[in-house]
Amino acid sequence: MEFVLSAAIGVLAASGIWLLLRPRTFQVIIGLCLLSYAVNLFIFAMGRLWLGAPPIMPRGGFVNPAAYADPMPQALVLTAIVISFATTALFLVVIIVSRGMTGTDHVDGQER
Amino acid sequence: MIQENLLLTLALLPFVAALATTTLSAQAHGAAAWVSGLLLAAGLAILGILHGPIAAGQVLHSTIRWVPSLGLNLTFRIDAFVWLFVTLVLGIAILVLIYARYYLSKNDPVPRFYAFLMLFTGAMMGMLLSGNILMLVVFWELTSILSFLLIGYWHQGQAARDGARMALIVTGLGGLCLLVAMLLLGKIVGSYDLDRVLDSGDLVRNHPLYPAVLTLFLLGCFTKSAQMPFHFWLPGAMAAPTPVSAFLHSATMVKAGVFLLVRFSPVLGQTEMWFFAVTGTGMATLLLGALIALFRHDLKGLLAYSTISHLGLITALAGIGSSGAILAAIFHIVNHAIFKASLFMAAGIIDHETGTRDMRRLSGLMRFMPVTGSLAIVASASMAGVPLLNGFLSKEMFFAEAADWHNGTWLDNSLPWIATLAGVFAVAYSLRFIATVFFGPPPVDLPHQPHEPPAWMRRPVEALVLLCLIVGMLPGLTLGPTLNQAAQAILGPDLPYKNIAIWHGVNLPLIMSLVALAGGVALYALFGTRIAAGPEGPPLMHHFRAQKLFERLILLLTWKWPRSLYQFIGTERLQPQLRLVVLVALTVATVTLWGVLHPAAEALSTPLNPAFAAMWLVGGSCAVGAAWMAKYHRFAALVLLGGAGAVTCLTFAWLSAPDLAVTQLLVEIVTTALLLLGLRWLPKRREEIAEDKLRPARVRRARDLLLALIAGVGLATLAFVMMTYPLVPSVGDWFLRNAYKEGGGTNVVNVILVDFRAFDTFGEITVLAVVAVTVYALLRRFRPDPESLALPEPQDAVAQKSLAETLLVPAVIMRWMFPVLLVLAAYLFFRGHDLPGGGFSAGVTLSIAFLLQYLAHDVRWVEARLTVLPIRWIGIGLLISGLTGVGAFVLGYPFLTAHAQYVELPLVGQVPAATALLFDTGVFALVVGATVLMLIAIAHQSLRMARLRERDAPQPEKEAA
């Protein structure tokens with residue numbers, strides 16, 4: 001599982017970075033989305049992989065932390081998902097407005 | 001205790017005055033002058049009370065423990081030297097206030113002038129009263145900044161702006177040097193306390209860092225006190241209003257440098273290096289300043305160079321450093337402040353009443369302003385060193401020190417000659433000032449008809465000139481004791497009392513004075529007319545202006561070199577910048593991890609499920625496909641991106657993160673909808689761009705691909721190594737143990753977000769709100785490209801109709817989904833604290849419900865039936881979350897402390913009712929508002945464009961109808 005997930009992170013990151021370096025705005029926005037998947041999975045995986053042990057507690061009584069997935073990276077990633085949604089939306093609007101103003105969808109606002 | 005409080009009050013008074021004057025109206029000249037004047041007079045009264053213990057040789061301290069854990073204290077300290085200086089500053093400040101009241105015109109904004117002037121006074125006094133050398137530097141820099149603001153008070157004029165900027169750059173850089181010097185000094189002594197530093201002279205002088213400390217310290221003092229070669233900012237600062245010049249260049253700003261020189265002469269002085277650097281610079285400045293002053297045609301220019309020259313004199317005395325020299329230095333600080341302030345004020349009166357400061361145009365003013373003229377003559381005589389005036393006494397003491405034997409070096413031997421020569425020039429320029437301005441034929445063609453100023457504008461000058469006379473005639477009775485106490489405060493209590501007398505018999509200093517007087521008169525008589533006709537500057541030297549050099553240097557440093565550097569290595573293009581970012585990230589990661597990253601000895605391993613591998617085969621292919629398609633087939637790329645997102649979402653679900661899976665799924669839906677709406681406004685691209693097939697483009701792509709592959713492989717390796725390392729116990733365990741006990745919820749991730757780390761969530765939803773409003777604002781004035789204005793192909797009338805028919809069944813289903821989604825959102829919201837869900841996912845669900853209605857129907861159809869006010873949702877959500885947090889304050893807990901309990905509801909059963917739930921309500925409302933606002937803002941663009949089309953082309957529309 002670990003190998004597959006890390007390979008997946010690698011593939012997502014490589015595709016994302018490649019798109020990030022492209023000249024068209026739409027490519028960059030897709031690249032950022034892919035890169036955010038990769039980074040979110042990476043942070044999430046720092047809590048190690050757990051099967052069938054979601055961090056949902058019984059009510060009261062003794063709690064053995066070793067029996068549950070680490071909630072910390074999950075909380076971080078939840079925040080990261082929301083923020084990457086917000087930045088994607090903002091970036092989308094910026095590229096739309098920039099296209100309206102400059103007449104091109106090149107990242108520099110003019111064709112090279 | 002009373003004395004301590006008085007000392008603190010004294011330091012605080014000017015700042016109180018500054019605050020009070022800022023509240024006055026822009027025309028309240030009288031009120032501002034009264035308020036600040038009375039507060040400063042109260043300061044003088046405090047000084048009067050403190051005089052007793054200080055005259056007895058006591059040093060008073062007052063300390064406010066500021067950050068005691070770091071050992072940072074605000075220490076104020078006053079001894080006889082500081083007492084004298086502060087009294088001088090306050091006295092002249094009050095006179096300047098009276099003068100400014102009449103000098104400034106009705107249109108000059110009052111609060112700015114008086115507040116700055118009072119702040120400056122406060123900074124200057126803070127510098128004098130500091131008992132901690134770092135605090136001293138802070139106040140020192142404050143005086144630089146405030147002098148910038150004061151010099152640039154008439155910022156409409158180019159000269160004022162240039163002068164202010166130059167003063168700030170020169171004195172500010174000097175201040176930085178001083179800061180470093182003080183830091184080094186503190187390191188050497190082991191304390192930043194001024195008393196301890198002053199006691200550590202031997203330690204400092206024998207330290208290997210002494211030359212560095214001395215150089216930096218002197219750079220600070222010399223720039224502030226306008227010593228050559230840093231003198232050029234002072235004439236530039238003459239663009240300030242005259243009251244400012246009278247204050248800054250007599251008693252304060254420029255005296256700060258010599259104050260420090262005198263203050264630190266027992267610590268850093270008494271070495272040959274000190275003597276050569278300080279006395280040498282001082283003598284050069286004295287001589288050249290006096291020489292250049294003689295050739296200035298501008299009244300204030302003459303006074304500026306004369307100030308530079310007198311500062312050189314004081315500096316030279318500080319450099320000599322003997323007990324007599326220190327006494328003379330203090331005496332001359334006081335005398336110069338008195339006569340120079342009155343001269344600046346007199347020059348201001350002349351400028352004010354005649355409209356010019358050019359000595360070549362002024363003449364014979366004695367006829368029109370006899371009182372001002374007489375006052376100016378006495379003050380100039382004092383400046384020249386005429387007997388029976390205060391300037392004569394300190395100059396005599398300087399001559400005596402110059403003639404004395406100190407160490408027999410060539411500089412020491414040449415001191416009397418340079419001093420006498422400078423005295424000749426001083427007499428000549430004083431004489432030129434008097435003779436050209438007040439005597440001679442009546443002036444012709446002046447901007448105003450000259451006359452006496454208002455009586456109270458002259459009062460400060462009268463007071464100062466009276467002081468010149470009294471001190472000049474009765475030195476032993478007036479200033480004698482105070483000066484001796486001040487000298488004792490600097491050099492030690494066992495200093496013998498030195499009597500200051502007018503007559504010492506015929507001795508070398510007196511002869512030097514007489515030579516200077518005679519030489520000066522002869523010089524002016526011989527060359528006076530040629531000087532007036534000549535250029536503004538001494539022969540040969542007027543081509544060479546330090547100010548011009550400085551401006552050229554600044555131009556090079558701040559404009560030309562940065563520009564060429566930018567052209568050489570900078571770029572405006574995004575791609576190289578991003579490439580650099582990726583490269584830097586790669587390099588940093590490689591450098592930090594090189595040789596540190598080892599595979600775990602006992603690697604963790606979760607048995608592989610083939611389905612998981614198959615899932616990621618699809619997911620990976622989707623990602624690569626999206627990368628491949630994003631240029632020419634945007635829609636396909638979007639679908640493939642969705643595929644990769646779905647697999648990510650499944651992975652979260654698979655690996656025990658149900659909350660993440662839910663959130664990712666919902667966000668995925670909204671993101672896709674957003675991007676789909678955005679596609680409409682991007683240019684069509686069907687055929688390939690020709691350039692992309694050329695060689696440079698291929699090379700570029702290959703390079704980027706290599707970069708991407710390296711980054712991907714690196715990240716994968718890192719992820720694999722980290723994932724297989726056994727988990728070390730982390731803060732996560734604490735959350736797991738305490739989520740239910742402390743947060744009252746069983747879903748630990750949700751408890752972390754709304755309770756333990758609620759402050760982070762609060763920040764996060766604020767970001768979301770800001771982004772939504774920004775999106776809305778950006779799109780309000782959106783003008784699309786003409787190309788996107790045309791109707792998309794399937795939207796002509798016939799096609800549109802058939803589309804509506806085709807979509808009939810899905811549309812009805814989507815309409816029915818609305819209540820279902822509402823219930824789902826409520827369900828997700830309420831179970832959030834205990835089971836996967838929560839305010840965020842509920843909010844996104846609700847906004848999807850709205851979105852579906854927009855998808856199923858026309859925008860107009862939806863908005864006729866359903867009113868969503870997203871901005872209110874956002875505002876109310878933020879308010880609820882914020883108030884929940886503030887509520888904790890009311891109950892005496894820190895911000896956002898949550899309280900949890902279960903409530904039994906009829907029919908529903910046990911419901912968690914934590915205050916965190918209230919917080920989550922805020923999150924929910926805000927997320928609904930933000931998401932809907934962004935979606936609607938983009939969706940509405942089509943509507944707006946349709947309206948625009950209708951407005952622009954009404955004819956065809958009607959025909960079609």
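1. Ala, Val, Leu, Ile, Met, Phe, Trp, Tyr, Cys and Pro count as nonpolar, Asp, Glu, Lys and Arg as charged, and the others, Gly among them, as polar. This is a predicted model, so local features need pLDDT of at least 70 and side-chain atom pairs count only at pLDDT 80 or more, while totals for chains, interfaces and linings use all residues. Residues are numbered from 1 along each chain as its sequence is written, chains are lettered from A and ligands numbered from 1 in the order in which they are written, and side-chain values use heavy atoms, with hydrogens and water left out.

2. The interface. Contact here means heavy atoms within 4.5 Å, and on that rule 84 residues of chain A touch 111 residues of chain B. The two chains bury about 8900 Å² between them, 76% of it on carbon and sulfur atoms; buried area is the accessible area (1.4 Å probe) that two parts lose on being put together, summed over both.

3. Polar links across the interface. There are 16 residue pairs in polar contact between chain A and chain B, both residues at pLDDT 80 or more. A polar contact is a pair of N or O atoms within 3.5 Å; within protein, one must be able to donate a hydrogen and the other to accept it, and residues adjacent in sequence count only if both atoms are side-chain atoms. On chain A's side, the elements giving two or more residues are α1 (2-20), α2 (25-45) and α3 (71-102), and α3(A) gives the most, with 23 residues. Helices (H or I, at least four residues) and strands (E, at least two) are DSSP runs, numbered from the N terminus. By class, that side of chain A has 59 nonpolar, 15 polar and 10 charged residues.

4. Salt bridges. The cut-off is a side-chain nitrogen of Lys or Arg within 4 Å of a carboxyl oxygen of Asp or Glu. The rule finds three across the interface of chain A and chain B, including A:D108 with B:R573 (3.6 Å, N to O). Over all chains the structure holds 17. Inside chain A, the side chains of A:D105 and A:R24 pair at 3.0 Å, N to O. A:D105 sits in the segment after α3 and A:R24 in the loop between α1 and α2 of chain A, so this pair ties together parts 81 residues apart in sequence.

5. On a 1 Å grid over the protein atoms alone, a cavity is a set of points where a 1.4 Å probe fits but cannot get out, and a pocket is an open set with protein on both sides within 12 Å along at least five of seven lines; lining residues have an atom within 4 Å of a point. Grid points are joined across faces, edges and corners, and a volume is the space filled by probe spheres set on the points. The search turns up eight cavities of 30 Å³ or more. About 170 Å³ lies in the largest cavity, and of its 18 lining residues A:L78, B:L753, B:T761, B:F840 and B:V923 are closest to its centre. The lining divides into seven nonpolar, eight polar and three charged residues.

6. The second largest cavity. This one holds about 120 Å³. Its lining includes A:C33, A:Y37, A:F85, B:Q664 and B:E668; α2 and α3 of chain A and α27 of chain B each give two or more residues.

7. The second largest pocket. Its volume is about 910 Å³. Of its 35 lining residues, A:W18, A:R22, A:Q27, B:K631 and B:R701 lie nearest its centre. The largest share, nine residues, comes from α28(B), and the lining splits into 17 nonpolar, five polar and 13 charged residues.

8. A backbone spot to look at. Most residues other than glycine have a negative phi, and most peptide bonds are trans. The bond from B:M228 to B:P229 is cis, with omega near 5°, and B:P229 is in the loop between α9 (210-224) and α10 (233-236) of chain B. B:A226 has a positive phi of about 55° although it is not a glycine, and B:A226 is also in the loop between α9 and α10.
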